[in-house]
Amino acid sequence: MMRKMICFVLAAAALLMCHPAAVSALSEEEISAPAAVLMDARSGSVLYEKNAHEVRCCASITKVMTLTLVMEALDSGKIKMGDIVTASEHAASMGGSDIWLEPGERMTVDDMIKATVVASANDAAVALAEYICGSEDEFVKKMNEKASQLGMKETVFKNCNGLDEEGHVTSAYDVALMSRELIKHKKILDYTGIWMDHLRGGKTQLVNTNKLLKTYSGITGLKTGTTSQAGSCITATATRDGLSLIAVVLGSKSGKQRFRDAAQLLDYGFANYAMYTPRTPDEAFTTVPVTGGMKDSVSTTANINDIFLIKKGEESSITCRVQLPESISAPVKKGQKTGEIIYSDKNGEAGRYPITAAGNVEEISFGKIFMLLLRATTN
């Protein structure tokens, strides 16, 4: 009997670990790091923040922006995975985490990305930057331009790898913004999910510094970083049941604490939020009167192919309303917006989707009426 009871307790504990109970709030004291953010990757909504806009160092989290520009160069065709990158003396001179590139050593873009992501190789990051822009300085200019485009107001990059440098700063919120941008490039997840790999025909082993890859259900990445000025940092991405979250932790006292904080942020998000799939209401399929047209009405159609974030337990509070005009003026083109479907929850508007014309209606004219009368008399 006692053995059965112990098994039951252990099973219940395991279930709770996999499916944490909903928590109404997460206090600042529960997150030990001085700065943190939890963001919904799809919408960019901030679900938790602690000193989110405090300017701080971020160490190798910098490489999130480096990799974003690398992925953009790949998408545009400027570079290819099989291209050969030759390490310069400058790239090979980087300290900290590296793969010990020798000046003149050649590797593919693919291997350089792998080294940058998995081993957080400073030398590989610089080699990629130089290959794309000719020099690290020119690449860093592009990094800052991209940061401005993304609305990263607290960020200034001075290098592409995150080594401590005066004035090289960001914030937890800005890290979440650039992490969200990077994971739009789905190919990067092929690298951020690697636990162990190798280079140089097996001579150089790579082990990912993101220990959440081995311990957290649904983890997909993304990047760790540690320096004396930045402390221990992480931007962690995870997906469960269609919900993708970004947890950023900056300035932790140890690697263990950053992983604990990141897991706690992700647990809070998955326990309290979910993705809601709205349906297209029947009222969207109707007819709308047309004035001044060759037809007196047009059929409408709609197709909601979307999801949006909601708080768990608030599904019943979601409302939907259809907005259609009393009439529209000709000409009407197929696909033209004729109205809207608006979903709302307790926090206000959650989603807005178009209702469109299902066909064309030509504008009435004397010539068109004459042709109709002519056809009628000849028939």
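The buried residues of helix α5 (buried meaning under 20% relative accessible area, with a 1.4 Å probe and protein chains only) are covered by elements that include α2, β3 (84–86), α3 (89–92), α4 and α6. The structure is a predicted model, in which local features need pLDDT of at least 70 and side-chain atom pairs count only at pLDDT 80 or more, while totals for chains, interfaces and linings use all residues. Residues are numbered from 1 along each chain as its sequence is written, and side-chain values use heavy atoms, with hydrogens and water left out.

In α5, 10 of the 12 residues are buried, so the helix is largely enclosed by the rest of the structure. The residues concerned are Asn 122, Asp 123, Ala 124, Ala 125, Val 126, Ala 127, Leu 128, Ala 129, Glu 130 and Ile 132. The end C-alpha atoms of α5 are 17 Å apart, in agreement with the 16 Å that its 12 residues should span at 1.5 Å a residue; the expected span is 1.5 Å times one less than the number of residues. Gly 134, with a positive phi near 95°, follows the helix.

The protein as a whole contains 11 helices and 17 strands, taken as DSSP runs numbered from the N terminus (H or I of at least four residues for helices, E of at least two for strands). Of its 379 residues, 47% are buried. Among contacts (heavy atoms within 4.5 Å) with a separation of 6 or more, 63% join residues 24 or more positions apart.

Helix α2 (residues 63–76) is mostly covered, with 11 of its 14 residues buried. Its buried residues, among them Val 64, Met 65 and Leu 67, pack against α4 (109–118), α5 (122–133), α6 (136–149), α7 (172–182), β7 and β8 (231–240). From first to last C-alpha, α2 reaches 20 Å, close to the 20 Å expected. The residue that follows α2 is Gly 77, whose phi is positive, near 85°.

A nonpolar core is a set of buried Ala, Val, Leu, Ile, Met, Phe, Trp, Tyr and Cys residues joined through side-chain atoms within 4.5 Å. The largest such core has 65 residues, of which Ile 99, Met 112, Ile 113, Met 143, Phe 157, Met 178 and Ile 188 touch the most other members. Two or more residues of this core come from each of β1 (35–40), α2, α4, α5, α6, α7 and β9 (243–252). The greatest contribution is that of α2, with 8 residues. A second, separate core of 28 residues includes Leu 26, Leu 212, Ile 234 and Ala 238.

Ser 179 lies in helix α7 and is buried, with a relative accessible area of 0%. Residues up to four places away in sequence not being counted, Ser 179 touches Val 64, Leu 222, Thr 235 and Ile 246.

The structure holds 1 cavity of 30 Å³ or more. A cavity is a set of points on a 1 Å grid over the protein atoms alone where a 1.4 Å probe fits but cannot get out, and lining residues have an atom within 4 Å of a point. The largest cavity contains about 40 Å³ of space, the volume being that filled by probe spheres set on the points, which are joined across faces, edges and corners. Strand β7 (residues 219–227) gives the most to its lining, with 4 residues. Residues lining the largest cavity include Val 117, Thr 192, Asn 208 and Lys 223.

How values were computed:
1 Å grid on protein atoms, 1.4 Å probe; cavity = no way out; pocket = protein on both sides within 12 Å on 5 of 7 lines; lining within 4 Å. Buried < 20%, exposed > 50% of the residue type's maximum accessible area, 1.4 Å probe, protein only.
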